[in-house]
Amino acid sequence: MEMHSSKKRFPVLEIAKINLRHNALLSIVVAVLLCLVTPLFIGTANLDHNSAAMPLEMFVSLIGVVLLTPVFQPEQNEEIDDLVSSKYFSTAKVHLIRTVYSAGMAALLICVFTVSMKLQSCDVTPVLALGTIADALFLGSMGMLTSAVTGNTVIGYMPPLLYYALNIGMGPKLGSFYLFSMATGSYTAKLWLFVAGILMMAAALFYQRLRKRMA
């Protein structure tokens, strides 16, 4: 009886383990592969500070899209949604747990990649890692919010990828929301991207919870 009560009070770790195993494993594998293939597309050795920002901003930041966009995907299947809804732990809390570990995994992979560049004699600093995390959260939260609003994860991937393409086409004209600003020596945009990313994640979680209550 006491053990059962303890599980009810502290189910967070158990829920995270189950979701990591059944829902997040493929996304994590794809994110790791993206990091591994990045050096095939762009140099990651002996780069100066501005040049070192390019592989991080232009490739590694995309892991945010891979990891955060599918947060709501399991419940988009009605049978799984009914099963999750029948548990004592609310669906909203499950979504929050998924969001936290997805964002955490993105940050961890970015930090590992930055360290690997440092070992290859690149002039990388914690600022570059933090700026890349801001990009990843911004792009990922855009996909997450779209997935919540449309109820479709596949559609959720489209806006962040279109915005990424827009950045390649328009460049610094996007101002405070330019994804590749560190390569030009500017870092102010990263704060705006980080704040916008957090707000979009919160909006996605709130909308999903509201949608569930109204269903």
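Two residues are said to be in contact when heavy atoms of each lie within 4.5 Å. By this criterion, in the predicted model, leucine 179 is in contact with Glu57, Asp135, Phe138, Leu139, Tyr163, Tyr164, Asn167, Lys190 and Leu193, when its neighbours within four places in sequence are left aside.

The secondary structure of the chain consists of ten helices and zero strands. Along the sequence this gives the pattern α-α-α-α-α-α-α-α-α-α. The chain has 215 residues, and 45% of them are buried. Its exposed surface comes to about 11,500 Å², of which 70% is supplied by carbon and sulfur atoms. Of the contacts between residues at least 6 apart in sequence, 74% join residues at least 24 apart.

The largest nonpolar core contains 53 residues. Ile63, Met117, Phe138 and Leu179 are the residues with the most contacts inside this core. Two or more residues each are given to the core by helix H2 (12-41), helix H3 (49-58), helix H4 (63-68), helix H6 (91-119), helix H7 (126-150), helix H9 (158-170) and helix H10 (188-214). Among these elements, H7 gives the most, with ten residues.

Phe138, which is in contact with leucine 179, also belongs to an aromatic cluster with Tyr163, Phe177 and Trp192. Tyr163 is likewise in contact with leucine 179. In the whole structure, six aromatic pairs were found. One of these is formed by tyrosine 178 and phenylalanine 180, with 5.8 Å between the ring centres and 70 degrees between the planes. The arrangement of this pair is edge-to-face, because planes over 60 degrees apart are placed in that class. Both tyrosine 178 and phenylalanine 180 are buried.

Threonine 132 is located in helix H7. This residue has a relative accessible area of 0% and is therefore buried. With residues up to four places away in sequence not counted, threonine 132 touches Leu56, Glu57, Ser61, Ile110 and Met182. Glu57 is also one of the residues in contact with leucine 179.

Serine 27 is part of helix H2. Its relative accessibility is 13%, so serine 27 counts as buried; the cut-off is under 20%.

Isoleucine 97 lies in helix H6 and, because its relative accessibility is 11%, counts as buried. Asparagine 19 is 78 residues from isoleucine 97 in sequence, yet the C-alpha atoms of the two are 9.0 Å apart in space. Helix H6 itself has 29 residues. From its first C-alpha to its last, H6 reaches 42 Å, close to the 42 Å expected at 1.5 Å a residue. Just after H6, serine 121 adopts a positive phi of about 70 degrees.

Definitions and conventions: Residues numbered from 1 in each chain as written. Predicted model: local features only at pLDDT ≥ 70, side-chain atom pairs only at ≥ 80, totals over all residues. Heavy atoms only, no water. Core = buried A, V, L, I, M, F, W, Y, C linked by side-chain atoms within 4.5 Å. Buried < 20%, exposed > 50% of the residue type's maximum accessible area, 1.4 Å probe, protein only. Helix = DSSP H or I, 4+ residues; strand = E, 2+ residues; numbered from the N terminus. Areas by Shrake-Rupley, 256 points an atom, 1.4 Å probe, with all protein chains shown as cover. Phe/Tyr/Trp six-rings, centres within 6.5 Å; stacked < 30°, edge-to-face > 60°. Expected span 1.5 Å × (residues − 1).
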